[in-house]
Amino acid sequence: AALEEAETWRRRALAAEAMVKVERSERERMEQERDKAVEYAEVRFRELQVESSERNKAERQRDAHSDEAGVLAAARNRLEQEKAVIEAVLSRKEAEFRQRLEDL
């Protein structure tokens with residue numbers, strides 16, 4: 001009887017030890033999965049930062065080009081206005097010159 005009881009306790013101890021090993025390996029597996037998930041999240045976060053930075057850079061460049069286009073359009077308009085004024089002055093001067101020639 002004592003031998004059977006000792007054998008029962010030995011089996012229980014072995015079963016408990018096996019359960020501890022299973023729990024330990026399960027915990028290690030879960031920790032590895034967590035570490036992989038954290039690593040993936042960190043990599044994805046860096047990728048998103050790069051994408052965001054590139055998008056912001058492209059938007060700034062687009063805005064700069066838009067600003068440049070606006071400045072160029074304004075400059076073109078000013079030049080067209082100045083050209084019209086110069087042509088009007090030249091036309092008037094030419095008419096005055098012809099009038100003087102006719103008067104001579």
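Arg29 counts as partly exposed, because its relative accessibility is 37%, which lies between the 20% and 50% limits. This residue is found in helix α1, which covers residues 2–103. The model described here is predicted.

**Arg29 and its contact**

- The side chain of Arg29 is joined to the side chain of Glu33 by a polar contact of 2.3 Å.
- Arg29 belongs to helix α1, and with 37% relative accessibility it is partly exposed.

**Salt bridges**

- Side chains of opposite charge can pair when their charged atoms come close.
- The structure holds 11 salt bridges.
- One of them links the side chains of Arg34 and Asp35, with an N to O distance of 3.1 Å.
- Arg34 has a relative accessibility of 48% and so counts as partly exposed.
- Another salt bridge is formed by the side chains of Glu51 and Arg44, where N and O are 3.6 Å apart.
- Glu51 is partly exposed at 36% relative accessibility, and Arg44 is partly exposed at 30%.
- Arg62 and Asp63 also form a salt bridge, and their closest N and O atoms are 3.5 Å apart.
- In this pair, Arg62 counts as exposed because its relative accessibility is 52%, over the 50% limit.
- Asp63 has a relative accessible area of 37% and is therefore partly exposed.

**Aromatic rings**

- The number of aromatic pairs in the structure is 0.
- A charge does sit over a ring: the charged end of Arg12 lies over the ring of Trp9, at 4.9 Å from the ring centre.

**Nonpolar surface patch**

- Phe97, Leu101 and Leu104 make a nonpolar surface patch of about 390 Å².
- Of these residues, Leu101 has its place in helix α1.
- Leu101 is partly exposed, because its relative accessible area is 48%, and patches are made of residues with over 30%.

**Spacing along the chain**

- Asp63, the salt-bridge partner of Arg62, is placed in helix α1.
- From Asp63 to Ala75 there are 12 residues in sequence, and the C-alpha to C-alpha distance is 18 Å.
- Val85 is likewise found in helix α1.
- Val85 counts as exposed, because its relative accessibility of 53% is over 50%.
- The C-alpha atoms of Val85 and Gln99 are separated by 21 Å, and the two residues are 14 apart along the chain.

Conventions
Residues are numbered from 1 along each chain as its sequence is written. This is a predicted model: local features need pLDDT of at least 70, side-chain atom pairs count only at pLDDT 80 or more; totals for chains, interfaces and linings use all residues. Side-chain values use heavy atoms; hydrogens and water are left out. Rings of Phe, Tyr and Trp (its six-membered ring) pair if their centres lie within 6.5 Å; planes under 30 degrees apart count as stacked, over 60 as edge-to-face and the rest as tilted. A charge sits over a ring if NZ of Lys or CZ of Arg is within 6 Å of the ring centre and within 35 degrees of the ring normal. Helices (H or I, at least four residues) and strands (E, at least two) are DSSP runs, numbered from the N terminus. Buried means under 20% relative accessible area, exposed over 50%, partly exposed in between (1.4 Å probe, protein chains only). A polar contact is a pair of N or O atoms within 3.5 Å; within protein, one must be able to donate a hydrogen and the other to accept it, and residues adjacent in sequence count only if both atoms are side-chain atoms. Patches are made of residues with over 30% relative accessible area and no salt bridge: like charges are joined within 9 Å, nonpolar side chains (Val, Leu, Ile, Met, Phe, Trp, Tyr) within 5 Å. Accessible areas come from the Shrake-Rupley method with a 1.4 Å probe; for residues, only the protein chains shown count as cover. A salt bridge is a side-chain nitrogen of Lys or Arg within 4 Å of a carboxyl oxygen of Asp or Glu.
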